[in-house]
Amino acid sequence: MASKAHQFIADFLATKMYAEGYEVVSFEGENSTENVKLKLPPKILRHRPDLIGIKEQALAIGEAKTASDLSLRTKEQLQDFTDHESWPTGVEYKIFFGIPLSVEDKFRKMVKDMNINESNLSVLTVPDRLLPYEQENSI
């Protein structure tokens, strides 16, 4: 189950996609921007993204990351989701990564070190103090 912080960032990405004209058609987890449960996104190469959005001749992929979630898996997701050769011709696409502000430098260094083409990559940061935290048996 995704953490509350991860879910918050995923909802933030969905809101951003809607603002850019995409309709979110797949969402992993609880989507607070929709009243109906959406299907799970399909795998893209090795990984399933958190969100998929569509609009005419365009596709958006959304991936939420928490501060403790930057790992080898994140690198693989960056490779899979930004691999231009695996996309159909004639379809525009945009990749949204939502991250806490505290790890922005680390994430951008990861992108740079991997020589990721950033032309279709949108990095959205959320101030850490806005992220919900998990409470243990609080009164």
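**Figure 1. Burial of Tyr-22 and Phe-96 in the predicted model.** Tyr-22 and Phe-96 are both buried, a term that denotes under 20% relative accessible area, with exposed meaning over 50% and partly exposed in between (1.4 Å probe, protein chains only). Residues are numbered from 1 along each chain as its sequence is written, and side-chain values use heavy atoms, with hydrogens and water left out. The model is predicted, and local features therefore need pLDDT of at least 70, side-chain atom pairs count only at pLDDT 80 or more, and totals for chains, interfaces and linings use all residues. Of the 139 residues in the protein, 42% are buried.

**Figure 2. The aromatic pairs.** Two aromatic pairs are found in a search of the whole structure; rings of Phe, Tyr and Trp (its six-membered ring) pair if their centres lie within 6.5 Å, and planes under 30 degrees apart count as stacked, over 60 as edge-to-face and the rest as tilted. Tyr-22 and Phe-96 form an edge-to-face pair, because their ring planes stand at 85°, with the centres 6.2 Å apart. Tyr-22 belongs to the loop between helix H1 (4-19) and strand E1 (23-27), whereas Phe-96 belongs to strand E4 (residues 92-100), so that the pair links distant parts of the chain, 74 residues apart. Helices (H or I, at least four residues) and strands (E, at least two) are DSSP runs, numbered from the N terminus. The pair of Phe-97 and Phe-107 is tilted, at 5.2 Å centre to centre and 40° between the planes. Because Phe-97 lies in strand E4 and Phe-107 in helix H3 (residues 104-113), this pair ties together parts that are 10 residues apart in sequence. Phe-97 is buried at a relative accessible area of 0%, and Phe-107 is buried at 0% relative accessibility.

**Figure 3. A charge over the ring of Tyr-22.** The charged end of Lys-55 sits over the ring of Tyr-22, 4.6 Å from the ring centre. The term applies if NZ of Lys or CZ of Arg is within 6 Å of the ring centre and within 35 degrees of the ring normal.

Figure 4. The buried residues of helix H2 (residues 72-82) are Thr-74, Gln-77, Leu-78, Asp-80, Phe-81 and Thr-82. Their cover includes strand E3 (58-64), E4, H3 and strand E5 (121-126). Gln-77, in helix H2, has a relative accessible area of 0%. Leaving aside residues up to four places away in sequence, Gln-77 touches His-47, Glu-63, Lys-65 and Phe-97, where contact means heavy atoms within 4.5 Å.

**Figure 5. The packing of H2 against H3.** The axes of H2 and H3 lie 11 Å apart, and the two helices pack at an angle of about 55°. Axes are lines fitted to C-alpha atoms, for helices over the stretch in contact, and angles run from 0 to 180 degrees between N-to-C directions. This makes H2 oblique to H3; angles under 35 degrees count as roughly parallel, over 145 as roughly antiparallel, 65 to 115 as roughly perpendicular and the rest as oblique. Thr-74, Lys-75 and Leu-78 in H2 meet Phe-107, Met-110 and Val-111 in H3.

**Figure 6. The setting of Gly-62.** Gly-62 lies in strand E3 and is buried, with a relative accessible area of 0%. Its C-alpha atom is separated by 6.2 Å from that of Ile-52, 10 residues away along the chain. Among the residues that Gly-62 touches, not counting those up to four places away in sequence, are Leu-13, Met-17 and Phe-96.
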